[in-house]
Amino acid sequence: MIGYAPLQIRVKTPRLELVGAGDDMLAALAPLVRDGKVFAEPAPYDGPMSFYESDPTARVNKWLQSVWRGRGRFTPSEFRLAFAVLVDGEAVGMQDLIAEKFDTCATVLSFSWLSTDVRGRGLGTEMRSAILHLAFAGLGAREAASDAFVDNIGSNRVSEALGYEHNGVEWDIRRGEPGLIQRWRLTREAWETRRRDDIELSGVADFLELLEQG
């Protein structure tokens, strides 16, 4: 995986850094998944997902498999960039950028999780700001989406704070039960009004070249 462009992207803010989640980064994050520090109540994720596995080893294995599957699916239209979130050099969570029909629609979706050890410090907003900067300033996205169960107060507050607009609701399954999801959208024009000048990108040029190669 050395030199693989999607893993060479870095996004640095004054508070944290997003680093391509190569296997070394996944090894650093695995103890958090194993120890259940990804989870929260009410359950924030739709199911089925590996984070709901009761057996710690199975939970880690399925999580790794899902990350590797996402890494392996790559076209100019569809890709998933997985980043480890580093705070003072320590891996504390993940922030993903997901693209579908990117070569035609230029839209993206974000997904993230953060260790229980560091929640409540504003890092969720900071890491979302970082991934949005990559999407808009780095990759030229037209629009970013996000969604969360209506009782996932933290995620919905992050979206609201960063200028997303409500974009309807939909139903999904959580632990085998129906749950209502709030959808959000952020246009490039809205992002530009809040654009930050203290976020640094690196490795993007090689990734864009890879996209052009198809």
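What percentage of the 214 residues of the protein count as buried? The share is 46%, where buried means under 20% relative accessible area, exposed means over 50% and partly exposed lies in between, with a 1.4 Å probe and protein chains only. This is a predicted model, in which local features need pLDDT of at least 70 and side-chain atom pairs count only at pLDDT 80 or more, while totals for chains, interfaces and linings use all residues. Residues are numbered from 1 along each chain as its sequence is written, and side-chain values use heavy atoms, with hydrogens and water left out.

**Overall form**

- The protein has 8 helices and 9 strands; these are DSSP runs numbered from the N terminus, with helices being H or I of at least four residues and strands being E of at least two.
- The radius of gyration is 16 Å, which agrees with the value near 17 Å that a compact globule of 214 residues would have; the radius is taken over C-alpha atoms, and the globule rule is 2.2 Å times the number of residues to the power 0.38.
- Along the principal axes, the C-alpha atoms fill a box of roughly 40 × 40 × 30 Å.
- The accessible surface comes to about 10,800 Å², and 49% of this belongs to carbon and sulfur atoms; areas come from the Shrake-Rupley method with a 1.4 Å probe, and for residues only the protein chains shown count as cover.
- Among contacts with a separation of 6 or more, 65% are between residues 24 or more positions apart, a contact being heavy atoms within 4.5 Å.

- Rolling a probe the size of a water molecule over the atoms shows where empty space is left.
- The count comes to 1 cavity of 30 Å³ or more; a cavity is a set of points, on a 1 Å grid over the protein atoms alone, where a 1.4 Å probe fits but cannot get out.
- The largest cavity has a volume of about 30 Å³, a volume being the space filled by probe spheres set on the points, with grid points joined across faces, edges and corners.
- Its lining consists of L97, V108, L109, S110, I131, L132, A135, A144, A145 and Y164, where lining residues have an atom within 4 Å of a point.
- Two or more lining residues come from each of β5 (107-114), α5 (123-138) and β6 (143-149).
- By class, the lining of the largest cavity has 9 nonpolar residues, 1 polar residue and no charged residues; Ala, Val, Leu, Ile, Met, Phe, Trp, Tyr, Cys and Pro count as nonpolar, Asp, Glu, Lys and Arg as charged, and the others, Gly among them, as polar.

**Backbone geometry**

- Most residues other than glycine have a negative phi, and most peptide bonds are trans.
- E41 and P42 are joined by a cis peptide bond with omega of about -5°, and P42 sits in the loop between α2 (23-34) and α3 (56-72).
- K101 has a positive phi, near 60°, and lies in the loop between β4 (90-99) and α4 (102-105); its relative accessibility is 51%, so K101 counts as exposed.
- R175 also has a positive phi, near 55°, in the loop between β7 (165-174) and β8 (177-187); R175 is partly exposed because its relative accessible area is 49%.

**Selected residues**

- R174, in strand β7, is buried at 16% relative accessible area. The C-alpha atoms of R174 and Y52 are 9.8 Å apart in space, and the two residues are 122 apart in sequence.
- T13, in the loop between β1 (10-12) and β2 (17-20), has a relative accessible area of 5% and is therefore buried. Leaving aside neighbours within four places in sequence, T13 contacts E126, A130, R196, D198 and I199.
- D23 belongs to helix α2 and is partly exposed at 42% relative accessibility. With neighbours within four places in sequence left aside, D23 is in contact with W68 and R71.
- S112 is part of strand β5 and is partly exposed, with a relative accessible area of 30%. Not counting residues up to four places away in sequence, S112 touches Y45, M94, Q95 and M127. S112 and V38 are 74 residues apart in sequence and 9.9 Å apart in space, C-alpha to C-alpha.

Note on methods. 1 Å grid on protein atoms, 1.4 Å probe; cavity = no way out; pocket = protein on both sides within 12 Å on 5 of 7 lines; lining within 4 Å.
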